[in-house]
Amino acid sequence: MGPIAYALLFSLVAGLAVAEKSDYCLSEIVKSDERIRSHGYPAETHEVVTEDGYVLTLFRIPYSHKLKNQDKKRPPVLLQHGLFSNSDCFLCSGPDNSLAYLLADAGYDVWLGNARGNIYSRQNNLISLNSHKFWHFSWHEIGTIDIATMIDYILDVTQFASLQYAGHSQGTTVYLVLLTERPEYNKKIKSGHLLAPCAFFEHGRSFVFRTLGSLVGEPGGIWNQLMVDTELIPHNNLVNRVVDNGCHMSDTICNNAFIMFANGGYENANASSMSVLIETHPGGSSSNQGIHFLQLYKSHEFRQYDWGTKKNNELYGQDTPPVYDLSKITAPTHLYSSTNDALCGPEDVDTLVREFTHLVEDYRVPVQSFNHLDFIIARNMKQEVNDPIIKRMNSYEDF
Ligand SMILES: *[C@@H]1O[C@H](CO)[C@@H](O)[C@H](O)[C@H]1NC(C)=O
């Protein structure tokens, strides 16, 4: 493990230690809606409350000021971010490159989701943010509750029967979880576009898997006990100072800290886009989300959270967690993956494709160096990913 990896691990541990004492200050950052307005687009902020009390923020670009299409039919699209991220990941490369703006300019009503626990969705009407109960969730709950709640809200506001969906990384996992666990939502998805699709991790090459996989990838261990139900890499002063100092010391360290999760170099990365991203990242997640992913790496299965035999029996009525049955997904779905993705790589995408009986398309980005994060920060992502998405989405619309 290199020094940069140690630095990040240190900031992770230190961040965890201060998670409950110091909180980020949302008034000091440029939020998604301000970011959108700064580029001339209209922006709205909506709050939806889940059945278990989480207040989620949805940002919206209702139309394009360039098209002046506010009175035209504008099909809704929901964009969902990945782990440690938030709605800014679809905005950080600006109007000429980032998916949210390109979709607005293509005539869509663009909604940007924020999962429970990230900087825009850190309130619960029933539970305090400082309680461990607040962090007692994984991407299972984000999929089955948050995404479902956001979809229903958007369809209600826009009076459409279905919407288009695009997600990155964990934003693809939650889509798969929702549509397998609550199959009635299949009909609410006009089409789904999964960037860097993550369900299987058997072949994950990232150092994160190698170092943390055995520590927390199985239930019952001491690390697992320590880590469960806490905030993972919060967006607070200390973590930001570490990131900031790293960035001042050298661009390479800074870029590395971000890219190391993806573990794929930064040949395609747009450095300015990355510095925009860093302003609001890491975005805040529960440790259980990370642990749950590491469990998939260990088990080679796409399945629910593993609480150990005893609790599994109480919760699921069986020793091991139930697997997500991908044959239940009938919404038209397109995958966009890349060879150099160290988290959700080509062999694991092959497994997903095999299990995904109704899959429409398995698109592989032709650029060999394209990595996990390039889907949101690459200089060439417009040609390689975003234009292809819009072309496919348009084929489901009648305009
Ligand atoms: C790189 O990111 C900056 C900052 O958001 C943006 O203005 C620029 O258009 C981006 N360029 C490319 C090619 O993505």
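Author: A helix is a DSSP run of H or I with at least four residues, and a strand is a run of E with at least two; both are numbered from the N terminus. Isoleucine 222, for instance, lies in helix H7. This is a predicted model, in which local features need pLDDT of at least 70 and side-chain atom pairs count only at pLDDT 80 or more, while totals for chains, interfaces and linings use all residues. Residues are numbered from 1 along each chain as its sequence is written, and side-chain values use heavy atoms, leaving out hydrogens and water.

Reader: Why is isoleucine 222 called exposed?

Author: Its relative accessible area is 63%. Exposed means over 50%, buried means under 20%, and partly exposed is in between, with a 1.4 Å probe and protein chains only. Isoleucine 222 therefore counts as exposed.

Reader: What makes the nonpolar surface patch?

Author: Leu215, Ile222, Trp223 and Leu226 make it, and its area is about 420 Å². Patch residues have over 30% relative accessible area and no salt bridge; nonpolar side chains (Val, Leu, Ile, Met, Phe, Trp, Tyr) are joined within 5 Å, and like charges within 9 Å. A salt bridge here is a side-chain nitrogen of Lys or Arg within 4 Å of a carboxyl oxygen of Asp or Glu. Areas come from the Shrake-Rupley method with a 1.4 Å probe, and for residues only the protein chains shown count as cover. Helix H7 (residues 222–227) gives the most to this patch, with 3 residues.

Reader: Now to H10. How do you know that methionine 274 is buried?

Author: Methionine 274 has 1% relative accessibility, which puts it in the buried class.

Reader: Why are the buried residues of H10 said to line one face?

Author: In H10 (residues 271–279) the buried residues are Ser273, Met274, Leu277 and Ile278. Looking down the helix axis, they fall within an arc of 140 degrees, so they line one face. The arc is taken from the directions from the helix axis to the C-beta atoms.

Reader: What makes asparagine 270 a polar contact of serine 272 at the start of H10?

Author: A side-chain oxygen of asparagine 270 comes within 3.1 Å of the backbone nitrogen of serine 272. A polar contact is a pair of N or O atoms within 3.5 Å; within protein, one must be able to donate a hydrogen and the other to accept it, and residues adjacent in sequence count only if both atoms are side-chain atoms.

Reader: Which residues surround the ligand?

Author: They are Cys92, Ser93, Gly94, Asn97, Asn270, Ser272, Ser273 and Arg379. Near means that a heavy atom of the residue lies within 4 Å of the molecule or strand. Ligand oxygen atoms are 2.6 Å from a polar backbone atom of cysteine 92 and 2.4 Å from an N or O atom in the side chain of asparagine 270. Taken alone, the ligand exposes 360 Å², of which the protein buries 64%.
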